[in-house]
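Visitor: I am new to this structure and would like a short tour. Could we take it one piece at a time?
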Amino acid sequence: MAETTMDELDRWLSEHAITSVEIQATNLDGVFVGKTLSREKFQSGVERGFAFADVVFGNDLDSVPAVGMAFPSWRGELEDIFLRPDLGTICVWKPGKAAVIGDFWTRDGTPVSVCPRNLLRRVAADARQLGFTVDTAVEIEATVFEESIREARAKGYENLTPLGGTSGSAYVLARDAEWRAYLERVEERMRDIGIDWEAWNDEAAAGQVEINVAMGDVVAVADRWARCRQVMREVGHELGRTVTFMAKWSDAWGQASHLNISLGTQDGNAFYSPDGASAVMRRFIGGLMPAMAGTTSIALPFITSYRRLVPAEGPPTTVTWGVGNKTTAVRAVVGHPKQSRVEYRVPGSDANMYLVSAAVLGAGLFGVRNRLEPPAPFTGMAWFLPDGETIPASISQATAALEADKILPEALGQEFINYWIGTRRWEWMSFHTMGGGDPDCGITPWERNRYFELA
C-alpha cells in the first residue's frame, strides 16, 4: 500500500474490520516503541504523523535522560517529533488491530538524524544512486525459558529453566512438545503478519533458538527483524514463557544477529564472479575492514554485548575476513550467481539491525566508491591470533574506535556519530555509577535488570 490514497486506506481498514492501529518504530537501543491509536485518530494523522516527546531518543533503557553530549536541534526542550507511518508496512497484527511501521521527522519536516529507519533508508538511497539494489537477511538468536515473565522478574532473571531441556547441542530435533509449541506459534504469527522467514532451529546453548529472516530489500528485512522479535516476545507472554535477546545472559554461549548482505544490478548479483569474489565484493569488503573497529560500537551496543566475545565459542574476535571462513568477522560466500554475499558476523542479538545494516552498507559503499582493496583473505582459524588486530573488547574501546573512524561519519552523518558516541559513553558511565560493579567479573544483576527484557 505504498502509494495508497486515503479512500483506499479507508477501504482496507473496513475490509479487515480494523478498530485500532499500532504505530511502530525502534529507538536507538533497538527497543520497539509506538502507540495504539483509534482508527479515526490514525486516519486523521497519517500524512502529518503522530507526536512523540523527544525522549524516545533521549532516555536510556531505565528511562533516565542521557546527558553529557551536545544535543541536536530536535532534542533538549521535550519538543514533539512525529512518527510518519509507511503505509507499505501496514498489516493485520491481530483480529481487529492493524500495525504500521514509520520514521521520525521534526515539526518542520526534517528527518530526525538519529532515527534508525530514516538512517537506513538514506544509505539505501545512496546505493541506488550508485546503481545498486541492496538485499539482506538476518539470523535472529534468542533464549526461551519455561518461566513466565512475572516468574523471571521474581527470580531476578537468574536460575531460569531453558525451554526444551538442557541436553544436546545445536540442531537437535528431540525437543519436547512445549518447545515446538512455542516456535510453531511464532511461525504461525509470522505467516499471519506477512514476515517472510526461511528456517528455525535449536541453537548451541540450552533454550537457545535461531530464526532466519528471508533475504529481501534491506529496509524491509530490518522491518521484519523488528517485528519478528516483537512476535517472539508476544508469543512468550501468550504461552507463559520468557524470551531474552541479551547477547550473553549467563555463562552459556552468547547470542548473535548475523547480517548477510549483497548488492545487485540489472545484470544480477554484483558480488558474484565465477572466479570468486567479484571486484564489487572486494571493494565492499575493502571499505568494511578499515571501519570494522568503529562499526563494532554499533554492532555491540551494550556493556554485556562484549562478554560474548569468547574465542572458539563462535563470535569473531579478530578484524579479519575470509572466504567461507566462519571464524572471521566477515565471511565472503562466493561462486553462487544468487547466493554470493558478505556475512557480517560481529553483531550480538541485542544490536539494532537498522543501524547495523546502515553502518555495514555505508562502509561497504565507501569502499566501492573509492575502489578500496581489502587485505588478503585470512585462511585457517582466526581465533587466538597473537599478532592480529582484535575487535574492541569493551564498550569504551569501541566508542574510542568509532570516534577515530574516518569512514562512518561520511556514510552515516557526523551528527548521528556524535550522538551515538554520547549515548554509549552514558551507558558506560551508568554501569560504573549506578550499581554495575566490576566489568571483569561475571554478569551482574544491574545488567540483567537493564537488558534482559528490553535489549
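Visitor: Where does Arg424 lie?
Guide: Arg424 belongs to helix α12, which covers residues 414–433. Helices (H or I, at least four residues) and strands (E, at least two) are DSSP runs, numbered from the N terminus. This is a predicted model, in which local features need pLDDT of at least 70, side-chain atom pairs count only at pLDDT 80 or more, and totals for chains, interfaces and linings use all residues. Residues are numbered from 1 along each chain as its sequence is written, and side-chain values use heavy atoms, with hydrogens and water left out.

Visitor: Is Arg424 buried or exposed?
Guide: Arg424 is buried, because its relative accessible area is 2%. Buried means under 20% relative accessible area, exposed over 50%, and partly exposed in between, with a 1.4 Å probe and protein chains only.

Visitor: And what is Arg424 in contact with?
Guide: Leaving aside neighbours within four places in sequence, Arg424 is in contact with Asp29, Ser297, Pro301, Phe302, Ile395 and Thr399. Contact here means heavy atoms within 4.5 Å.

Visitor: What about Glu403, where is its place?
Guide: Glu403 sits in helix α10, residues 395–404. Its relative accessible area is 49%, so Glu403 is partly exposed. Not counting residues up to four places away in sequence, Glu403 touches Ile421 and Arg425. Between Glu403 and Ile417, 14 residues apart in sequence, the C-alpha to C-alpha distance is 7.8 Å.

Visitor: Now the strands. Why is β9 largely enclosed?
Guide: Strand β9 (residues 208–217) is largely enclosed by the rest of the structure because 8 of its 10 residues are buried.

Visitor: Which sense does its pairing with β7 take?
Guide: Strand β7 (residues 133–145) pairs with β9 in the antiparallel sense, over 8 bridges. Two strands pair if DSSP finds at least two bridges between them. Ile211 in β9 is the bridge partner of Ile140.

Visitor: How many bridges does β8 form with β9?
Guide: Strand β8 (residues 197–202) and β9 pair over 5 bridges, in the antiparallel sense. Val209 in β9 stands opposite Asp202. The hairpin of β8 and β9 has 5 residues between the strands, and Gly207 takes a positive phi near 80 degrees there.

Visitor: Changing topic, how do α3 and α6 cross?
Guide: The axes of helix α3 (residues 116–129) and helix α6 (residues 218–239) come within 9 Å and cross at roughly 155 degrees. Axes are lines fitted to C-alpha atoms, for helices over the stretch in contact, and angles run from 0 to 180 degrees between N-to-C directions. The two helices, α3 and α6, are therefore roughly antiparallel to each other, a label for angles over 145 degrees.

Visitor: Which residues meet there?
Guide: From α3, Arg117, Leu120, Arg121 and Ala124 meet Val218, Val219, Ala222 and Asp223 of α6. The residues of this contact of α3 with α6 divide into 5 nonpolar, no polar and 3 charged. Ala, Val, Leu, Ile, Met, Phe, Trp, Tyr, Cys and Pro count as nonpolar, Asp, Glu, Lys and Arg as charged, and the others, Gly among them, as polar.

Visitor: What is Thr89 in contact with?
Guide: Thr89, in the loop between β4 (80–85) and β5 (91–94), is in contact with Ala99, Val100, Ile101, Arg117, Asp223 and Arg227, leaving aside neighbours within four places in sequence. With a relative accessible area of 9%, Thr89 is buried.

Terms used. Parallel < 35°, antiparallel > 145°, perpendicular 65-115°, else oblique.
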